[in-house]
Amino acid sequence: MDAASFFQAELFSLKTQSTRCPEKAREEKKQMATNTEQQQQTEAGRHQEVGHKSLLQSDALYQYILETSVYPREHEAMTELRELTAKHPWNIMTTSADEGQFLNMLLKIINAKNTMEIGVYTGYSLLATALALPEDGKILAMDINKENYELGLPVIEKAGVAHKIDFREGPALPVLDELIEDEKNHGSFDFIFVDADKDNYLNYHKRLIELVKVGGLIGYDNTLWNGSVVAPPDAPLRKYVRYYRDFVLELNKALAVDPRIEICMLPVGDGITLCRRIK
């Protein structure tokens with residue numbers, strides 16, 4: 001029975017009871033209305049926090065993770081940039097705080113030094129990377145919108161890590177093609193993070209697999225795409241979610257059968273697939 005049918009049945013039951021016990025019927029009807037209102041408020045409040053892309057079923061559990069594990073350990077510059085980004089009209093594009101924490105630790109674990117980021121926005125994940133790298137570490141960062149990057153740049157500079165970043169404005173594919181032309185760049189990157197135009201993810205992968213070293217990692221963001229990867233064809237989805245879903249599904253299928261990599265799809269943020277090059 002669906003929700004509408006359930007409530008209709010409940011109302012019918014209450015009407016029937018009212019002929020026998022009016023006070024009890026009124027009390028039960030009042031309680032049902034209260035429960036319905038609470039449910040509506042809960043649903044309306046789901047996933048409203050900026051950067052909240054978690055696929056956890058409980059918002060309270062996600063908030064627990066943030067308040068217990070993420071926020072108390074978040075670098076002050078990361079906090080400042082996260083709060084600054086929250087005021088931007090496109091703030092849904094930002095990397096979630098828990099994913100930023102994950103990337104920061106991952107880079108330290110693999111001792112990354114030479115990295116790349118495709119899709120920067122205001123630079124939250126970029127800052128997480130820069131803070132994790134050693135003093136002489138480098139990040140080749142690319143985005144088509146320099147204005148967004150410049151919003152976060154003062155925070156990055158204040159954190160003392162701007163010297164690690166080589167920012168390039170414009171499409172990433174021409175830059176990647178140029179890098180591939182020089183064999184010195186083949187297998188030279190320890191870690192590459194992609195959070196950009198989903199319709200080009202496979203085009204990026206064809207090139208990045210040549211540039212990341214054997215044993216190095218490529219991280220593709222948003223590979224669970226708001227949970228839409230398992231949504232039925234007639235599910236009500238936002239236009240941009242529906243448009244890019246097929247590209248995300250195509251990427252996920254391609255990565256799963258690529259013999260050059262090992263993969264691990266993690267339900268962190270909006271889903272991140274880590275690819276470790278083995279050939």
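**First stop: a polar pair**

Select Asp177 and Arg207: their side chains are joined by a polar contact of 2.6 Å. A polar contact here is a pair of N or O atoms within 3.5 Å; within protein, one must be able to donate a hydrogen and the other to accept it, and residues adjacent in sequence count only if both atoms are side-chain atoms. This is a predicted model, where local features need pLDDT of at least 70 and side-chain atom pairs count only at pLDDT 80 or more, while totals for chains, interfaces and linings use all residues. Residues are numbered from 1 along each chain as its sequence is written, and side-chain values use heavy atoms, with hydrogens and water left out.

Stay on Asp177. It sits in helix α8 (residues 172–181). Helices (H or I, at least four residues) and strands (E, at least two) are DSSP runs, numbered from the N terminus. Buried means under 20% relative accessible area, exposed over 50%, and partly exposed in between (1.4 Å probe, protein chains only).

**Zoom out**

Show the whole chain as a cartoon. Count 10 helices and seven strands. Of the 279 residues, 42% count as buried.

**The cores**

Select Leu126, Leu127, Tyr149, Ile156, Ile165, Phe191 and Ile272. These have the most contacts inside the largest nonpolar core, which has 35 residues. Such a core is a set of buried Ala, Val, Leu, Ile, Met, Phe, Trp, Tyr and Cys residues joined through side-chain atoms within 4.5 Å. Helix α6 (residues 124–132) gives the most to this core, with six residues. A second, separate core has 24 residues, including Val194, Leu208, Leu211 and Leu255.

Centre on Tyr149. Beyond residues up to four places away in sequence, Tyr149 touches Val120, Tyr121, Thr122, Leu126, Ile156, Ile165 and Phe167. Contact means heavy atoms within 4.5 Å.

**Two helix pairs**

Colour α9 (residues 201–211) and α10 (residues 239–256). Their axes come within 9 Å and cross at roughly 30°, so α9 is roughly parallel to α10. Axes are lines fitted to C-alpha atoms, for helices over the stretch in contact, with angles from 0 to 180 degrees between N-to-C directions. Angles under 35 degrees count as roughly parallel, over 145 as roughly antiparallel, 65 to 115 as roughly perpendicular and the rest as oblique. Show side chains for Tyr201, Leu202 and His205 of α9, then Glu250, Leu251, Ala254 and Leu255 of α10; these make the contact.

Next, colour α4 (residues 76–85) and α7 (residues 146–158). Here the axes come within 9 Å and cross at roughly 170°, so α4 and α7 are roughly antiparallel. Ala77, Glu80, Leu81 and Leu84 of α4 meet Leu151, Gly152, Val155 and Lys158 of α7.

Select Asp221 in strand β5. Asp221 counts as buried because its relative accessibility is 1%. Its contacts beyond four places in sequence include Glu99, Asp195, Lys198 and Tyr201.

Move to Thr223, in the loop between β5 (212–221) and α10. Thr223 is buried, with a relative accessible area of 1%. Which residues does Thr223 contact, leaving aside neighbours within four places in sequence? Among them are Val248, Leu251, Asn252, Met265 and Asp270. Finish by picking the C-alpha atoms of Thr223 and Met265: they are 42 residues apart along the chain and separated by 7.8 Å.
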